[in-house]
Amino acid sequence: MRLNSSHIFKYYVLVIVIKSILEKTVKCIGIITSQEYLSMHLKILSYNWHEPYLCLLSKIGHTFLIVEPQISEGNYRRWDTNMRPIPNNVILLSEEEAISQLDEGDVDLVIAHNIKDLVKIYEYSLPKIIVFHNKLSTEIELGGNKVDRLDYLNKLKPLLVNVKKVFISESKRNDWDMSGDVILPGIDVDDYGGYTGNKPSVLRVGNLMKERDLMMGFTTSEAILLNSPSTTLGQNPNILGARISSGFDDLLSHYRSLRVYLHTTSNDYEDGYNLSLLEAMAVGMPVISIANQTSPIIDGTNGYISNDVEYLKRGVTTLLEDKNLAISLGQRARETVREKFSQTKFLKLWLKSIETVIIDFLENSSKELPKENVLLKTEQEDTSMPQYYKHVRDDVLSLVPKSATDILEIGCAAGMTGRELKKNADIYFAGVEIDHEASLEAKKVLDYVIEGNIETLDLPFEEQRFDCILFADVLEHLIDPLTVLKKIRKFLKVNGTIIASIPNVQYLGVVNQLVEGNWTYQDEGILDRTHLRFFTYREIIKLFDEAGYKISTVSETLDPQYKNMKDQTAELNIGRIRIRDLSAEELKKFFVYQYKITANLKNEVHYKMESTMKDILEEGESLEIDGAYEDAIKTYTEAGIGNPDYAEILARIGNCYMKLQNIESAEKYYQKSLKVDTKGYIASVGIGLLEVQQNKLDDAVKRFSCIIKNFPESDKAYSGLGIAYSKMNKIVNAMDAFSKALTLNIENKMAMSSLLELSYGAKQFYQIEQAMKRYLEVHPSNEDILLGLAGLLYQSNRFIEAHDTLSLLLELNPNHIDAKIMLIKIDENEKITSSINPINEITTEKPSNINIDQLAELIENEETLLVEFYDCFSKSYPSDMSKANSLVAEVLMDDKKEKVY
């Protein structure tokens, strides 16, 4: 942003305005800023990380441009009106709109709330303030202590030059060990009040309390709450019963009606107060608090505070039983807030900080005013190529072997990465680049550059020329990346390294976009408009394996959100979808933005044998699918005994003999396979199934348990275990095994049908119900599963849910006769009237109006339905059975029913 004299003049005027404001009462601030000095308003840019705090800031009276930042690809932190309504002087912006305002010089001041905010506005010359909301030690601890404190602070120094620092507490300033202003939160007590405490229950308010246990004291709060009625408000997906308030009024209602507020922030990692606590106190709630040096709670005065959990539990019980005592302590809590957390003081201190940062900025800028006609560096830069062509890929540099002296980069851009490597070593660096302007730049700094498309170029290098070949965000731009990786093999030394960085299309931001029906290409990122190929982790592994490489290391670029989710291993909510039963590794893959891999060449002889084996396996599997098992056996026997996958070939031959019911030959080949590979998966499963057939059930259980130990993701092993337990009449064990198989692979039809059968026998339907519901999340229109789910709901006497499931089925297939029969049974049990139930429609009409043709069509080919009708009619019209008999007779005589009887 170019700084001109008119902009500087505006800052001088604003300083005068702010000084005058500081001399008046806070109540006058709104009048002055909105009337007398309307044209002198500051435009303050900030970021939406904390709606309650931004609402406090907005009371200063200037115009706040609040950016709704992008948390991840396609995922934005929108203003949550459930937390606070949007103040009148707040304007919400996208990041693109904010950049436009900054570029035009329409922003007077930036208030950042974290380091990421500062990075975004680093290049802009204007007054800047950063607010430190958390302790550095807390953030490092929450991040798993992966950051060196001193190193981190040293890296921050350039970002904090001429940036004013504001800390929300003295303890946080001490923890960061920096100079700056301390501004405590400010609450206008007169805006709150109304406490009744009519509900004898405890209130907790906060986000991700369980995930941030070390600072929020969740474990301690659970111990205090033991057996006490409570409500938890906030974003807490892992706390049973917790919910987000439906608006600020809803939050106030809870403050006013519930009896006591519980606060358990840890003394080592967080202050003894936050905005939620202060608001609860301002309303008039008494507080139960764990001991904290900065807590505003005085034991026995405005609540109870102690390190003794048992003492606090007794305090909870006392307040839940004594409403008058709660009111008395709550009144003193209000006065504590009025005295120690004054909104007037908060606003004055903030106005003073703004005045100071503007004055400092003016002093630093005044020296440069005469240079007004000198263009800034950004205006002089060459814009003929994208900026990312000029980036140094530091993340890739760290992966290059220190011993590498001959390096080739495919997609070298302007050569900045190669130039960086050549600074400190005697390195020969060659590049291939398709962009003309970028290749011209690269030729200035690299040893050799070829301009052209790697997919069509014939490279002039001798074989085994390079120690290292780089593909930094290139493979996804190619039409056929597999062919290119194969093509480049011959230029890599036997012990050479290939390095690639590849975006992850499984990233949660992309998944969320897809769920919403969007696949919007952008200038950069995973959905870069020039990307032709998209990869997940599994596909990256497959790509390099097929190209003849063995991956040696994998590193990940993770979304910062992952640090708050890494301990949650069961479920992930992405927008409107919920993904369940995730392992820790599966969960992590949704937070990976990019994978960086290093790989080496496979043994050439083995690679050629693998290629041959791949062809044999594909042909054999195709024949197996077609049921040509004898031909498949012939194909498999073509594989030589020296083949690295010979054990799998033998096992597949065993499978074919199993299909042909040649048990003796099947067992023979399974055993041969296990001699080659004692832990061979296919052969082990095959032998286990044979042992089940031969009633060697104890042996089968041991074998499948061993397979599960070696292959914990094997749904087939769990299915085999379930079959064995079932034959042993260990029904509970069998159901658990089949349920686990379906957790691993919901498409396992054998496990589904077996679990269903056992569930009916045991009359225990929870596991099969959950499995069917998971299946319907993937295949919502499967009629068999819908009918099966309705049946078990019916057996569980959950008639309304069964009815709803059948209704869904009949929407998909209005003529599904079994669904109609089940609806009749439901109506008999619960008398549920349904407009989609033809029998119900018929039998609820007057007997004289029943349509015989309609009835005949309905029960066509279904003797049982005729019986159902007769029984239903007899119950509904016991006094008119002659009509029922007549109807049945007419239906039986109808031509449509002759073939039935």
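**Legends to close-up views of the predicted model**

View 1. His 263 is placed in strand β12, which spans residues 258-263. Helices (H or I, at least four residues) and strands (E, at least two) are DSSP runs, numbered from the N terminus. The structure is a predicted model, in which local features need pLDDT of at least 70 and side-chain atom pairs count only at pLDDT 80 or more, while totals for chains, interfaces and linings use all residues. Residues are numbered from 1 along each chain as its sequence is written, and side-chain values use heavy atoms, with hydrogens and water left out. His 263 counts as buried because its relative accessibility is 4%; buried means under 20% relative accessible area, exposed over 50%, and partly exposed in between (1.4 Å probe, protein chains only). Leaving aside residues up to four places away in sequence, His 263 touches Asp 271, Gly 272, Tyr 273, Asn 274, Leu 277, Val 287, Ile 288, Ser 289 and Ile 290, where contact means heavy atoms within 4.5 Å.

**View 2. Helix α14 and its buried face.** Helix α14 (residues 323-340) comprises 18 residues and reaches 26 Å from its first C-alpha to its last, close to the 26 Å expected at 1.5 Å a residue; the expected span is 1.5 Å times one less than the number of residues. Its buried residues are Ala 326, Leu 329, Gly 330, Ala 333, Arg 334, Thr 336 and Val 337. Seen down the axis of α14, these buried residues fall within an arc of 160 degrees, so they line one face of the helix; the arc is that of the directions from the helix axis to the C-beta atoms. Asn 324 and Glu 339, on the other side of α14, are exposed. The cover over the buried residues of α14 includes β12, α12 (275-283), β14 (303-306) and α13 (309-321). At the N-terminal end, Asp 322 caps α14, with a side-chain oxygen 3.3 Å from the backbone nitrogen of Asn 324.

**View 3. Helix α11 and its cover.** Helix α11 (residues 248-257) is mostly covered, with 7 of its 10 residues buried. These are Phe 248, Asp 250, Leu 251, Leu 252, His 254, Tyr 255 and Ser 257. Elements covering the buried residues of α11 include β10 (199-205), β11 (230-233), β12 and α12.

**View 4. The largest nonpolar core.** This core has 69 residues, of which Leu 57, Ile 111, Tyr 255, Tyr 261, Ile 288, Trp 350 and Ile 354 touch the most other members. Helix α15 (residues 343-366) contributes the largest share of this core, 8 residues. A nonpolar core is a set of buried Ala, Val, Leu, Ile, Met, Phe, Trp, Tyr and Cys residues joined through side-chain atoms within 4.5 Å. Beyond residues up to four places away in sequence, the contacts of Tyr 261 include Leu 203, Val 205, Tyr 255, Leu 277 and Ile 288.

**View 5. Pro 87 in a loop.** Pro 87 lies in the loop between β4 (75-76) and β5 (90-93). Pro 87 is buried, with a relative accessible area of 17%. Pro 87 and Leu 54, 33 residues apart in sequence, are 9.1 Å apart in space, C-alpha to C-alpha. Residues up to four places away in sequence aside, Pro 87 touches Cys 55, Ser 58 and Trp 79.

Conventions. A polar contact is a pair of N or O atoms within 3.5 Å; within protein, one must be able to donate a hydrogen and the other to accept it, and residues adjacent in sequence count only if both atoms are side-chain atoms.
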